[in-house]
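Morning, everyone. I have one structure to walk through today, and I'll keep it brisk.

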Amino acid sequence: MNIEGKNVLITGGAGFIGSHLVDRFIKEGASKVIVYDNFSTGNRNFLEKKPIEIIKGDILNYKKLEESMKDVDLVSHHAAELEVFTGIENTLHDLRTNVEGTINVLNAAIENDVEKLIYASSGGVYGQAQLTPEPEDHPLMPHWPYGVSKLAGEKYCLQYYLLYGFPTTSLRYGIVYGPREWYGRVLTLFIKRVLEGKAPIIFGDGKQVRDYVYINDAVNANILALKSEKANGKVYNVGGKEFYSINEVAEIVIKLISPKLKPIYDDPKPGESSKYQPNRKRLPGELRDFILDSSLISKELDYEPKTKFEEGVKKEVEWIRENLEQWNCQPRV
Ligand SMILES: NC(=O)c1ccc[n+]([C@@H]2O[C@H](COP(=O)([O-])OP(=O)(O)OC[C@H]3O[C@@H](n4cnc5c(N)ncnc54)[C@H](O)[C@@H]3O)[C@@H](O)[C@H]2O)c1
């Protein structure tokens with residue numbers, strides 16, 4: 001399927017990944033790009049001066065969603081509650097947004113004869129890795145309510161494919177990073193601290209390994225999945241095919257910004273804060289290793305991540321230096 005000439009609606013289009021998708025859909029020659037977002041975490045600055053339509057709406061508002069999808073050909077569903085702690089503390093809100101919201105998006109799409117839908121899933125559906133890299137048929141035992149609701153969303157997408165023949169593809173992302181990333185995850189915490197002249201804080205021994213995928217590569221996976229019929233009714237891992245321990249992430253950030261700093265190690269209990277960084281709590285059920293096997297999407301859709309981790313981090317650092325207000329960052333380096 002070609003994207004050129006199509007009307008595309010992106011839920012969560014004002015967010016990190018969604019706003020990059022907006023840019024790419026414009027480049028691909030989409031006839032109309034519509035952002036549907038409640039702006040709970042989304043940012044209007046990411047959408048400035050773009051030839052798009054912006055609808056402020058919640059995916060829990062079915063009527064508005066359905067009206068917004070009139071004449072839409074393709075839907076990219078990226079709106080979600082993705083804060084792990086919010087999911088733990090307010091599980092019903094997480095469930096409503098990620099499950100009821102997804103069902104609303106699917107129903108509105110069916111009602112409007114949408115041709116295809118991409119669902120932003122997460123590697124968080126696996127839970128603790130029983131083998132690495134984790135293939136798509138790895139046991140699904142999410143560690144957090146967030147993983148449960150993302151998994152349910154994925155299963156509903158599959159249901160709509162099986163019941164109604166509605167083409168859906170779910171993409172289980174690794175850790176997507178790059179310009180416009182939201183503040184709060186390890187890489188962003190490290191970058192902000194090091195820019196401010198402070199040492200990054202590593203929890204535990206720092207040997208936990210993570211799968212990082214650069215934003216443009218994640219966007220590319222979306223485009224490949226939209227364009228290929230092979231992807232209909234499928235679930236794919238979308239990783240970066242490069243895996244780094246937290247120690248290595250800290251090393252790279254330090255090397256790029258302030259080579260004299262040394263990381264500090266801390267070992268707070270799950271759910272408790274770091275004494276060095278009181279606003280940062282350790283996740284309960286922290287994953288030891290998070291390494292996706294992205295060979296299926298490579299084999300079926302020719303997906304190949306192009307940006308090396310260090311290069312991607314450099315781009316993210318350049319971006320935040322020019323957009324300090326995004327993370328309330330006060331650099332000293
Ligand atoms: N960033 C990652 O590394 C990552 C990894 C795995 C999965 N994902 C998935 O990718 C998607 C996008 O993530 P992101 O990192 O861009 O997050 P983000 O917070 O930057 O974007 C989410 C967007 O959805 C909007 N939104 C939230 N709730 C909404 C609602 N009820 N109605 C309408 N809009 C709503 C927010 O305002 C925001 O613009 C999510 O579905 C997330 O679960 C992201």
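This is a predicted model: local features need pLDDT of at least 70, side-chain atom pairs count only at pLDDT 80 or more; totals for chains, interfaces and linings use all residues.

I'll go from the overall fold to the sheet, then the helices, the ligand shell and a few single residues.

Every value I quote is computed from it.

Overall fold. The protein has ten helices and 13 strands. Its radius of gyration is 19 Å, close to the 20 Å that the globule rule gives for 333 residues, so the protein is as compact as a globular protein of that length. Along the principal axes, the C-alpha trace spans about 55 × 45 × 40 Å. Of the 333 residues, 45% count as buried. Now the contacts. Take those between residues at least 6 apart in sequence: 77% of them join residues at least 24 apart.

Next, the sheet. In what order do the strands run? The order is 3-2-1-4-5-6-10. That is an open sheet of seven strands, with parallel pairing. Strand 3, residues 53-56, and strand 10, residues 234-238, stand at the edges. Each has a single partner strand, so one side of each is left without a neighbour in the sheet. From one strand to the next, the twist averages 20 degrees.

Let me zoom in on two of the pairings. Strand 4, residues 74-77, pairs with strand 5, residues 116-122. The sense is parallel, over four bridges. For a landmark, look at Val-75: its bridge partner in strand 5 is Leu-117. On to strand 6. Six bridges join strand 5 to strand 6, and these two also run parallel. The landmark here is Ser-122, which stands opposite Tyr-173 in strand 6.

Stay on strand 6, residues 168-173. Is this strand buried or exposed? It is mostly covered, with six of its six residues buried. In a regular strand, side chains alternate between the two faces of the sheet. Here both faces are covered. Thr-168, Ser-170 and Arg-172 are on one side, and Thr-169, Leu-171 and Tyr-173 are on the other. All of these are buried, the arginine included.

I'll show two. Helix 4, residues 91-111, packs on the sheet. It touches strand 1, residues 7-11, as well as strand 4 and strand 5. Its direction makes about 180 degrees with that of strand 4. Helix 5, residues 145-164, lies across strand 5, strand 6 and strand 10. Helix 5 runs at about 155 degrees to strand 5.

The ligand next. How many residues surround it? The number is 30. The closest are Gly-12, Gly-15, Gly-42, Ala-79 and Ala-80. Which elements give two or more residues to this shell? They are helix 1, residues 16-27, helix 4, strand 5, and strand 7, residues 175-177. Helix 1 gives the most, with three residues. By class, the shell has 14 nonpolar, twelve polar and four charged residues.

Last part: single residues worth a look. Start with the loop between strand 5 and helix 5, where Pro-133 sits. A cis peptide bond joins Thr-132 and Pro-133, with omega at about -10 degrees.

Phi of Phe-39 is near 60 degrees, a positive value in a residue other than glycine. Phe-39 is in the loop between strand 2, residues 32-37, and strand 3. It counts as partly exposed, with 14 C-beta neighbours inside 10 Å. The other is Lys-241, again with phi near 60 degrees. Lys-241 lies in the loop between strand 10 and strand 11, residues 243-245. It is partly exposed, with 19 other C-beta atoms within 10 Å.

Finally, Leu-47, in the loop between strand 2 and strand 3. What does Leu-47 touch, leaving out residues up to four places away in sequence? The contacts are Ala-14, Ser-19, Val-22, Val-35, Ile-52 and Ile-54.

That's the tour. Questions, please.

Technical notes: Residues are numbered from 1 along each chain as its sequence is written. Two strands pair if DSSP finds at least two bridges between them. Axes are lines fitted to C-alpha atoms, for helices over the stretch in contact, and angles run from 0 to 180 degrees between N-to-C directions. Two residues are in contact if their C-beta atoms, placed from the backbone, lie within 7 Å. A residue is near a molecule or strand if its C-beta atom, placed from the backbone, lies within 6 Å of it. Ala, Val, Leu, Ile, Met, Phe, Trp, Tyr, Cys and Pro count as nonpolar, Asp, Glu, Lys and Arg as charged, and the others, Gly among them, as polar. The radius of gyration is taken over C-alpha atoms; the globule rule is 2.2 Å times the number of residues to the power 0.38. A residue is buried if 20 or more other C-beta atoms lie within 10 Å of its own, exposed if 12 or fewer, and partly exposed in between; C-beta atoms are placed from the backbone.
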